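Subject: Handover of a structure and the findings on it

Dear colleague,

Please find the structure below, which I am handing over to you. I would be grateful if you read the notes after it with the structure open.

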Amino acid sequence: MNINLTLFSQALTFAILIWFTVKFVWPPLLAAMESRQKTIADGLADAERARHDLEMAAKRSADILREAKEKAGEIVASGEKRGSEIVEQAKAQAKVEGDRIIAGAKAEIDQEVFRAREQLRTQVSAIALAGAGKILGREIDAKAHNDLLDKLVAEL
Amino acid sequence: MSTEQELTPTSYIGHHLSFNVKQVAEGGFWSVNFDTLVVSGLLGLIIFGFLWWVVRGATAGVPGKRQAFIELLVEFIDGQVKGIFHGDRNKFLAPAALTVFVWVLAMNAMDFLPADIMAWIFHHVFGQEHFRSVPTSDINATFALALSVWLLMIFFSIKVKGLGGFIHELFCAPFGANPLVWPFNLLFNMVEYVSKPLSHSMRLFGNMYAGEVIFLLIGMWAATGFSGTIFGALLGGVWAIFHILIVALQAYIFMMLMVAYIAMAHESH
């Protein structure tokens, strides 16, 4: 084991190998690895973001669904209310109408009664006149005794 | 064994532990361990070629099995460096740590090649009498790495703190800025600067060298007869399995020390 020129040759080889590795081996591989690392990191970030988005979307869809349900419930309730209102209204209207009809009928009946009574009254007065005329043996001048007759009619 | 000389334990071990030395010029220093250079260079070529091939086809989409494996490795190294160093590690330190870890691991793993079969192949196929297949059991290789790390350490220390800051730290840390303790500070720092590359390289070298020697000792026992062969094979298996841990652990320790040294160079005291 004596030191000889091998020392320098070996050192030269070493220097060349280091230069080669520094220049041609390390940088491309490191670049590839770093770029892959970046791709993976980006992919993971994207996945994370997508997951977050999905969560948000799910939450929003749940919100929308809940809102829709609430709205539907509201609509149903208001419809029911409106329906019962309409029924009530119709009931009220029908009652009013019925009352009106009844009132009309009553009025008509009253009128009819009145008319019949009037007729009856005139007929009665005529009968009375005729009767009285027969009794008195003479015609009662309807015109002359009109006011008397009227008074009689009113008394009837 | 392929040598014609008489086979003794000493010659066996000596044969396996001698380098394929090629003389470049006159003098003891001007020679190279051809085996160390070839094996480490080939491993570097194969491994970093493979890395480059995988990385060139790297996709940011779903990775294939090959790419996933390399990414696992890169992420492991990156995590280790991140724990120690708090600067821009992608510019230099992390890829350098990857280089050291992978290369040292591969060089250590050459220890798994069966020594005698490899010797036979080197002799009969390549015609080499001496050829060691584990570069990290050559002190030249580990010391070259440690020395490079040491130079990087000083380079970054000066780059981050400036030459003035570097010199200031030599004299004023760790005991304080009082001129009375300047010599002690300098002595302390010198010891540190000397011990760092030595311990860094010797740790790896020692582990791998010892592992090789133990394989050779087991191989010698296996040559002593029938029971020796059985126990040698058993022990060789056990030691190889344990050696997997050592090989990976030493590569990891070497890388971590490098990262720690260079990270420390970035910190001001």
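The notes below describe what was found.

The model is predicted, so that local features need pLDDT of at least 70 and side-chain atom pairs count only at pLDDT 80 or more, while totals for chains, interfaces and linings use all residues. Residues are numbered from 1 along each chain as its sequence is written, chains are lettered from A and ligands numbered from 1 in the order in which they are written, and side-chain values use heavy atoms, with hydrogens and water left out.

Helices (H or I, at least four residues) and strands (E, at least two) are DSSP runs, numbered from the N terminus. Leaving aside residues up to four places away in sequence, Val104(B) is in contact (heavy atoms within 4.5 Å) with Thr136(B), Leu145(B), Leu204(B), Ala251(B) and Phe254(B).

Nonpolar surface patch

Trp221(B), Phe226(B), Ile230(B), Phe231(B), Leu234(B), Leu235(B) and Val238(B) make a nonpolar surface patch of about 740 Å². Such patches take residues with over 30% relative accessible area and no salt bridge, joining like charges within 9 Å and nonpolar side chains (Val, Leu, Ile, Met, Phe, Trp, Tyr) within 5 Å. Accessible areas come from the Shrake-Rupley method with a 1.4 Å probe, and for residues only the protein chains shown count as cover. Helix α8(B) gives the largest share of the patch, six residues. Phe226(B) belongs to α8 of chain B and is exposed, with a relative accessible area of 71%. Buried means under 20% relative accessible area, exposed over 50%, and partly exposed in between (1.4 Å probe, protein chains only).

Ser31(B) and chain A

Ser31(B) lies in strand β2 (residues 31-33) of chain B and is buried at 4% relative accessibility. Its side chain joins that of Asn4(A) in a polar contact of 3.5 Å. A polar contact is a pair of N or O atoms within 3.5 Å; within protein, one must be able to donate a hydrogen and the other to accept it, and residues adjacent in sequence count only if both atoms are side-chain atoms. Among the other residues that Ser31(B) touches are Leu5(A), Thr6(A) and Val21(B).

Salt bridges

Over all chains there are 15 salt bridges, each a side-chain nitrogen of Lys or Arg within 4 Å of a carboxyl oxygen of Asp or Glu. Asp78(B) and Arg89(B) form one at 2.7 Å, N to O. Because Asp78(B) lies in helix α3 of chain B and Arg89(B) in the loop between α3 and α4 of chain B, the pair ties together parts that are 11 residues apart in sequence. Both Asp78(B) and Arg89(B) are buried. In chain A, Glu48(A), Arg51(A) and Glu55(A) are joined into one network by salt bridges that share partners. The closest N and O atoms of Arg51(A) and Glu48(A) are 3.1 Å apart.

Yours sincerely
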